[in-house]
Amino acid sequence: MFEPQPGLGRGLFRQIALSPLLAPSLMPAISLVYLFGNQGLLKSWLGGAGIYGFWGVALGEAFYTFPYALLIIATALASADARLYEAARALGAGAWRQFFTITLPGARYGLVSAALVVFTLVITDFGVPKVVGGDYNVLAVEAFKQVVGQQNFPRGAVVGLMLLLPAVLSFFIERAMARRQQAALTARAVLFAPGRNLPRDIAAVALLAAVSAALLALLGVGVAASFIKYWPYDLSFTLAHYQFDNVDGGGWGAYFNSLKLGGATALLGAVLVFLGAYVCEKQQAAPLGRSLLRFFAMLPMAVPGLVLGLGYVFFFNHPANPLNALYGGMTLMVICSIAHFYTTAHLTVATALGQLDGEFEAVAASLKVPFWTTLRRVTLPVCLPALLDVARFLFVSAMTTLSALIFIISPENSLAAVSIITMDDAGDTAAAAAMATLIVVTSGGVSLLSLALEKCLGKRHRHWRGQG
């Protein structure tokens, strides 16, 4: 896969490719309904077929999982060694021969990891098949029907176990691949940078433009529909769909609850993740305890959101549990959100801490400086950009997630992502699109703010290192 030079807009294409992360998985499904549904603008493109069913779910999931696959594969391709390509050219290997003998084998682990991540996300996603699945039933929707629709918790637990098995299998396959993976870049490696090639660059930009147009279409149609009076017959502008108090779903309170959830998850989660990663990476005491902490930090990666939510239902909803009072409250939703996304956040902070030379702690210990002083004056300032990344990730994830919280919310604490389902079920698709648009705008605004803060901190960090 070719990444264009910065002058050709690589940064712009990358941001467009990552834009689905800002939207709940329901957003592409709603956009597909507006484009290819019974009254869709492009329904004729399907030649009489409908969007509801297998292909609708496949298209919606492709949009939803695209950025996850991109990040993994792009990281794998970025570690290519230029010396291998130089040697191949010297031996007379053409571009396609280099691709099949160097590029693909070098990115093998990234490709398998991306496939496993996409597989797990698709099989456990609830939003897309709920909206456009039609008669094509999937395990995630079946679990929702059993627990919420029929109050059949034992049957829901069985379906949850069925969801857990493929996710755990994917996790162990990925771990086995990771153990066999060799370092792509050695100490003498030279990072590969593709040279200028006008025909190839034009073809690559055309391909990226087509993919970007498809992503923006699925995101933009849902946003545009929220401002249209009656799609597709009356395309006049209106704000009526944003009057959430006139439809089911919890009204504006659901949106503000999501803001509270996202803020609390970001702040508390960032603190907990940093402390946990710091103990694992920088403390030498209690090696067994640190190993257990690492294990529990990795555990959420193998547990789908629906299974996690079901587990919280069975544990906290039991009348004999003294923590039963937390059930349905904001506190439990914050705890569940942090637990759900803990692994990714932990790995981010652990990587930042691992890049900090251990001599800081060694010198501080030799000078009898308390570890908390080193933590406050050195470790924390250096890790602030990573902590901002974690806080942004937790906020956006809490705003957009659905699966882990769908079972533990209460009518008094409805959430924006969950209200989209309620509105769509009631036939208020335009209001559902409006709520999804609010989530996208909010997530995008917080992400831009976080990037601006990271840029400022980056300048201060470079200045600090220069002074050092």
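**Aromatic rings**

I took rings of Phe, Tyr and Trp (its six-membered ring) as a pair if their centres lie within 6.5 Å; planes under 30 degrees apart count as stacked, over 60 as edge-to-face and the rest as tilted. With that rule I looked for clusters, and found that Phe227, Phe237, Tyr242, Phe244, Trp252, Tyr255 and Phe256 form one aromatic cluster.

I note that this is a predicted model, in which local features need pLDDT of at least 70 and side-chain atom pairs count only at pLDDT 80 or more, while totals for chains, interfaces and linings use all residues. Residues are numbered from 1 along each chain as its sequence is written, and side-chain values use heavy atoms, with hydrogens and water left out.

I then asked for the number of aromatic pairs, which is 20. One of them is phenylalanine 54 with tyrosine 136, an edge-to-face pair at 5.5 Å centre to centre and 75° between the planes. Phenylalanine 54 lies in helix H3 and tyrosine 136 in the loop between H7 and helix H8 (139-149), so this pair ties together parts that are 82 residues apart in sequence. For accessibility I used these classes: buried is under 20% relative accessible area, exposed is over 50%, and partly exposed is in between (1.4 Å probe, protein chains only). Phenylalanine 54 is partly exposed at 42%, and tyrosine 136 is partly exposed at 38%.

I looked up another pair, tyrosine 64 and tyrosine 68, which is edge-to-face with 6.1 Å centre to centre and 70° between the planes. These two tyrosines are four residues apart in helix H3, so about one helical turn separates them. Tyrosine 64 counts as buried at 16% relative accessibility, whereas tyrosine 68 counts as partly exposed at 29%.

**Whole chain**

I counted helices (H or I, at least four residues) and strands (E, at least two) as DSSP runs, numbered from the N terminus. The protein has 19 helices and two strands. Buried residues make up 47% of its 468 residues. I took contact to mean heavy atoms within 4.5 Å. Among contacts between residues at least 6 apart in sequence, 77% join residues at least 24 apart. Accessible areas are from the Shrake-Rupley method with a 1.4 Å probe, and for residues only the protein chains shown count as cover. The protein exposes about 24100 Å², of which carbon and sulfur atoms supply 67%.

**Helix H4**

Which residues of H4 are buried? I found Ala82, Tyr85 and Ala88 in this helix, which covers residues 82-90. Seen down the axis of H4, the buried residues fall within an arc of 120°, so they line one face of the helix; the arc is that of the directions from the helix axis to the C-beta atoms. They pack against helix H5 (95-106). Just after H4, I noted glycine 92 with a positive phi of about 90°.

I placed threonine 65 in helix H3 (residues 54-78). Threonine 65 is buried, with a relative accessible area of 4%. Leaving aside neighbours within four places in sequence, threonine 65 is in contact with Val118, Leu121 and Val122.

I found glycine 40 in the loop between helix H2 (26-36) and H3. Glycine 40 is buried at 14% relative accessible area. Its C-alpha atom is separated by 7.3 Å from that of proline 232, 192 residues apart along the chain.

**Salt bridges**

My rule for a salt bridge was a side-chain nitrogen of Lys or Arg within 4 Å of a carboxyl oxygen of Asp or Glu. The count comes to three.

Lysine 130 bridges to aspartate 425, with the closest N and O atoms 2.8 Å apart. This pair links distant parts of the chain, 295 residues apart: lysine 130 is in helix H7 (residues 127-132) and aspartate 425 in helix H18 (residues 416-425). Aspartate 425 counts as partly exposed at 48% relative accessibility.

Aspartate 201 bridges to arginine 200, the closest N and O atoms being 3.4 Å apart. Is aspartate 201 buried or exposed? I read a relative accessible area of 6% for aspartate 201, which is buried, while arginine 200 is partly exposed at 31%.

Arginine 392 bridges to aspartate 389, the closest N and O atoms being 2.8 Å apart. Arginine 392 and aspartate 389 are three residues apart in helix H17 (residues 371-400), so about one helical turn separates them.
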